[in-house]
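Student: I am new to this structure. Can you show me how to read it, feature by feature?
Tutor: Gladly; let us look together.

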Amino acid sequence: MTTNETLWFRDDSFASAMGDHVIPALVKKARTAPQVRIWSAACSTGQEPYSIAMLILEELRKVETPPPVSKFSILATDLSPSAIVLASSGRYSQLAISRGMRPEFLERYFKKNGMVYEVAPEIRTLVKFQQFNLMSPFKEHGIFDFVLCRNVLIYFSDELKRQIYSKIHDGLQKDGLLAIGASESPRGYTNGFQQVMMGSAALYRPI
Ligand SMILES: C[S@@+](CC[C@H](N)C(=O)[O-])C[C@H]1O[C@@H](n2cnc3c(N)ncnc32)[C@H](O)[C@@H]1O
């Protein structure tokens, strides 16, 4: 049994690592790579991939001569069809927004329509949602620069964790990165990753 529990910019140390290290590195990569591909592999109701999309646009606003935003794509998948429907709508209640959304991002990237907050089109076009079961083969999705598989594998058996870490490993570029939940670790399930500290957050590179 899993829950759909999620937040905007979940975990402060992780959000800082994204803003200070991971997203700047991906924007730098986009200067030379044809595409920068990101996968939010258990995206629940969309807060995780939309948070990443907002951080990318923020970084593009900051740097001189930014690469085109069309270089970035975020695939966001989840097992739950209802979570995917809500995420794809890009429409959130006041309660959902109150759980982690930054005031300046609310101002910049949402439009209020009655009681509902709608994600701006420039953010929505970056993210493609699809229902997908992590127990299926990953090959159809291709190779990614950055995979987020956060706060989901904790619910899986050791054998399934082994299989899924192995599939993620094979779906990452050599210089790619994996993000998992703060209480999770691939240790004991695979030797295929090395830990990289970014600020106070641990991320993982394929070996
Ligand atoms: C606790 S939420 C985590 C959401 C987000 N990654 C975060 O950290 O905020 C776990 C999500 O994993 C999804 N999930 C559970 N089993 C899955 C599976 N076999 N394949 C894909 N997604 C799954 C659930 O539907 C739920 O939305």
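Student: Where is the place of F9?
Tutor: This is a predicted model, so keep that in mind throughout. F9 sits in the segment before α1. Its phi is positive, about 50°, although F9 is not a glycine.

Student: Which residue other than glycine has phi near 70°?
Tutor: That is D11, and the value is positive. D11 also lies in the segment before α1. D11 has 18 other C-beta atoms within 10 Å, so D11 is partly exposed.

Student: Next, α1. How many residues does α1 have, and how far does it reach?
Tutor: α1 has 19 residues. From first C-alpha to last, α1 reaches 25 Å, close to the 27 Å expected at 1.5 Å a residue.

Student: Where is the kink in α1 centred?
Tutor: On M18, with an angle of about 45°.

Student: Which residues of α1 are buried?
Tutor: Start with the general idea. An α-helix has 3.6 residues a turn, so residues three or four places apart point the same way. In α1, the buried residues are F14, A17, M18, V22, I23, L26, V27 and A30.

Student: How many residues of α2 are buried?
Tutor: 12 of the 16, so α2 is largely enclosed by the rest of the structure. Among them are Y50, A53, M54, I56 and L57.

Student: What should I look for in a core?
Tutor: In soluble globular proteins, nonpolar side chains tend to be buried together. Here the largest nonpolar core has 55 residues. Those with the most contacts inside it are A53, I56, I74, I123, V147, C149 and L178. Helix α1 gives the largest share of this core, 8 residues.

Student: Which residues is I123 in contact with?
Tutor: Leave aside neighbours within four places in sequence. Then I123 is in contact with Y50, A53, M54, L57 and Y109.

Student: Where is R124 found, and what does R124 touch?
Tutor: R124 is in helix α6, residues 121-124. Not counting residues up to four places away in sequence, R124 touches G90 and V119. R124 has 18 C-beta neighbours inside 10 Å, so R124 counts as partly exposed. R124 and L55 are 69 residues apart in sequence, and their C-alpha atoms are 13 Å apart.

Student: Where is I143 found?
Tutor: In the loop between β6 (127-131) and β7 (144-148). I143 counts as partly exposed because it has 14 C-beta neighbours inside 10 Å. I143 touches G171, L172 and Q173, residues up to four places away in sequence not counted. I143 and L172 are 29 residues apart along the chain, yet their C-alpha atoms are separated by 5.4 Å.

Student: Last, the ligand. Which residues come nearest?
Tutor: T6, A42, S44, L79 and L134, of the 19 residues around the ligand. The shell divides into 6 nonpolar, 8 polar and 5 charged residues.

Conventions:
Residues numbered from 1 in each chain as written. Predicted model: local features only at pLDDT ≥ 70, side-chain atom pairs only at ≥ 80, totals over all residues. Near = placed C-beta within 6 Å. Nonpolar A, V, L, I, M, F, W, Y, C, P; charged D, E, K, R; others polar. Core = buried A, V, L, I, M, F, W, Y, C linked by C-beta atoms within 7 Å. Buried ≥ 20, exposed ≤ 12 C-beta atoms within 10 Å, placed from the backbone. Helix = DSSP H or I, 4+ residues; strand = E, 2+ residues; numbered from the N terminus. Contact = placed C-beta atoms within 7 Å. Expected span 1.5 Å × (residues − 1). Bend = angle between axes of the 7 residues up to and from the residue.
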